[in-house]
Amino acid sequence: MDLLNAIVAFLNYVFVPGVAYGSQLALGALGVTLVYGILRFSNFAHGDTMALGAMATVLVTWLFQSWGLSLGPLPTALLALPFGIGFAILLLLFTDRTVYKFYREKKAKPVILVIVSLGITFIYNGVTRFIIGADDQNFFDGQRFIISAREFKKATGLSEGLSFKTTQGITIITAIIVVALLFWFLNRTRAGKSMRAYSDNEDLALLSGINPERVVMITWMIVATLATIAGVLYGLDKSFKPFTYFQLLLPIFAAAIVGGLGNPIGAIAGGFVIAFSEVTITYAWKKILVYLMPDSLEPSGLVQLMSTDYKFAVSFVILLIVLLIKPTGLFKGQST
Amino acid sequence: MNETLKNTMLFGIIALLIIYVGFVQSWNSALLIVAMGLISSIMALGVNLQWGFAGLFNVGVMGFVALGGLAAVLIGMPPTEGAMRAGGWNVVGALLLGAGTVFAAIILAKTLAKGWLRNLAVIAMLVIGFFVFRGLLDPAVELVEEINPAQTGYLGGLGLPVLLAWPVGGLFAAAAAWIIGKTALGLRSDYLAIATLGIAEIIIAILKNEDWLTRGVKNVIGVPRPVPYEIDLQGSASFVERAASFGFTPVEASTLWVKVLYILLFAAVLIILMWLSQRALHSPWGRMLRAIRDNEVAAEAMGKDVTARHLQVFILGSAICGIAGAMMTTMDSQLTPGTYQPLRFTFLIWVMVIVGGSGNNLGAVLGGFLIWFLWVQVEPMGLWLMNLVTSGMAEGSALKAHLLESAAHMRLLTMGLVLILVLRFSPRGLIPEK
């Protein structure tokens with residue numbers, strides 16, 4: 001019984017939140033890694049692209065809610081998501097045309113593009129705050145839980161409850177669908193193959209008649225889609241606040257680098273590595289250990305390795321370790 | 001138009017702008033702009049050293065500035081009565097032990113032969129070290145934070161003259177920069193950017209959460225000053241008399257005089273640092289740096305140690321940011337970890353360097369003053385603009401209220417736009433590199 005309780009507590013506090021957070025990070029890191037693979041710079045504006053896409057979705061969601069439109073038990077935000085994605089695609093294509101294209105044609109050094117993207121970050125951030133303000137926004141509706149802790153306790157008779165939030169379920173399912181579609185696109189379609197060819201060897205790809213501007217355009221569209229989905233899922237699961245997306249930049253970059261920059265599979269693996277490290281290191285393990293240890297050995301403290309205030313330190317330390325030991329990441333990425 | 005004339009004119013325009021603020025708003029705000037402009041210029045000088053001379057992209061300026069602020073507290077504040085006896089020594093011991101563990105792990109990793117045995121030994125060392133560290137630190141921290149939490153609840157400082165904190169702030173920042181540089185330099189240029197972004201967030205998190213060190217979000221106030229207090233000046237008969245002879249009230253004269261003293265101190269630091277960086281720029285070392293920046297492969301082929309030079313210049317630049325951070329906390333005479341925002345302390349400095357002219361020290365100083373002036377004045381200008389835009393709208397309409405409220409966010413937008421536009425149309429800045 002105690003063992004079961006411990007397993008349920010582990011699932012409830014560590015595993016499920018870790019999987020949901022990992023999916024969000026993986027989607028974010030995929031966007032970063034694609035920009036890196038095709039356009040060859042680290043896009044600092046990615047966090048705020050997520051914020052802007054999510055903001056557009058939030059606004060459309062509110063509109064739908066005021067119309068009385070809803071998806072029943074599912075959040076209305078899913079219905080608004082395509083509009084948010086459309087907005088983000090237009091935004092990124094516009095940014096590319098007006099800003100990035102100039103430097104691409106000049107063949108500017110990547111670091112210049114990084115600085116430019118930092119400028120874009122602040123413009124995006126300014127726009128987001130200008131339109132929706134800097135405060136927390138709630139746009140979640142529908143059923144809160146798929147399994148609630150109380151029902152679970154009643155059904156199983158265990159003293160630990162397992163709750164599974166709707167947002168967590170949606171996050172995981174959406175992430176699986178999106179990743180499957182992305183890999184199908186990259187590996188099976190002509191456009192996807194030309195993207196991979198361009199990423200592997202630009203000159204050879206150009207020689208074989210691949211149109212670089214088309215590749216770049218498709219990349220931005222995919223990146224916008226991924227960013228918006230990641231932003232909306234994160235916003236649904238936690239809450240929508242413009243500033244948190246800038247802070248997400250660090251774990252997202254850490255995920256992309258841990259997996260190997262430019263490598264999509266690596267980005268997904270990296271997302272989960274970072275998410276689980278963060279959750280396990282900042283979780284107070286006392287609750288689980290109480291069930292596993294005999295009473296005499298019961299831990300006195302919270303058995304929390306680090307306070308949650310330092311969750312960013314976890315991704316940072318992992319990042320440093322990877323840079324020191326294996327700068328190409330777990331899966332071979334482009335690192336030099 | 002020759003160069004000297006053009007530069008003099010540019011600085012003259014800024015001087016006029018500040019004098020205009022003096023006449024229209026108040027001399028106090030004008031002097032404050034000058035003081036903060038000097039500090040900003042020093043930060044810009046540090047970033048220019050990294051970016052302009054060596055092409056290193058540091059997104060963690062905020063962290064180095066905050067470390068300087070920490071130095072001001074640790075050097076300047078009086079020690080808390082009984083804190084060292086209660087748990088202070090244990091805290092210090094725990095920190096030494098933590099550093100020792102990491103050091104020992106590095107030694108292990110270097111000496112043992114490659115293989116699973118080495119990995120296991122290093123991991124075991126770190127894990128055991130971490131638990132001993134926490135076991136020693138946590139109870140000690142609790143004891144320290146218990147001492148009069150409303151007033152102190154932290155270790156306090158050494159009670160030394162606060163001017164000493166300025167070089168110490170530089171040392172703190174240099175130490176952090178060494179750790180980052182050692183790991184991230186020599187790899188892709190973007191990795192340094194990401195690593196510095198991370199260290200800055202973590203330094204701020206530490207300042208916010210480690211109450212025994214900085215009182216966290218409760219802020220440390222009343223950091224001692226290197227200049228006299230206004231209240232003492234107002235009480236001194238000779239000062240009041242002299243103020244009256246210039247036609248000032250005692251209150252006005254004392255606030256102005258304190259600012260003038262700060263400005264003189266800051267200007268002295270700026271001039272020293274400026275002289276040093278000019279000398280560095282024109283030395284063989286500076287020429288080597290620029291050669292590396294312009295063509296790393298060629299420089300390496302000539303036998304230059306690219307990574308080592310990058311590490312040097314990265315540490316020096318960060319140290320300058322640390323000095324500026326200590327100066328700023330000294331002038332504010334308080335450390336408020338909650339106010340460190342990446343926009344204000346990292347991004348703004350970058351705009352200063354790019355607008356002023358990367359690779360030119362004079363440009364960095366010009367950018368420091370100009371952008372700081374804009375930063376202070378954009379908000380009233382934004383509000384004025386919004387008032388103008390919304391003047392035609394109905395009183396009490398939701399859109400009008402929203403727009404007026406959003407004027408505060410204009411700063412982000414303006415600074416982003418300035419950076420993008422300058423990079424696009426005038427990438428060499430106002431005073432280009434020679």
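For chain A, the unreviewed UniProt entry places the feature "transmembrane region" at residues 20–39, 51–71, 77–99, 111–132, 168–186, 215–236 and 305–325. UniProt positions are given in the numbering used here, feature names are shortened, and annotations may be inferred rather than shown by experiment. Residues 168–186 of chain A are 100% helix and 0% strand, with end C-alpha atoms 27 Å apart. For residues 305–325 of chain A the span is 71% helix and 0% strand, and the end C-alpha atoms lie 23 Å apart. Helices (H or I, at least four residues) and strands (E, at least two) are DSSP runs, numbered from the N terminus.

This is a predicted model, in which local features need pLDDT of at least 70 and side-chain atom pairs count only at pLDDT 80 or more, while totals for chains, interfaces and linings use all residues. Residues are numbered from 1 along each chain as its sequence is written, and chains are lettered from A and ligands numbered from 1 in the order in which they are written.

The model scores ipTM 0.84 and pTM 0.89. Chain B has a mean pLDDT (the predictor's confidence in each residue, from 0 to 100) of 87, with 99% of its residues at 70 or more.

Turning to the contact, 31 residues come from chain B and 36 residues from chain A; two residues are in contact if their C-beta atoms, placed from the backbone, lie within 7 Å. On the side of chain B that touches chain A, helix 7 of chain B gives the largest share, 12 residues.
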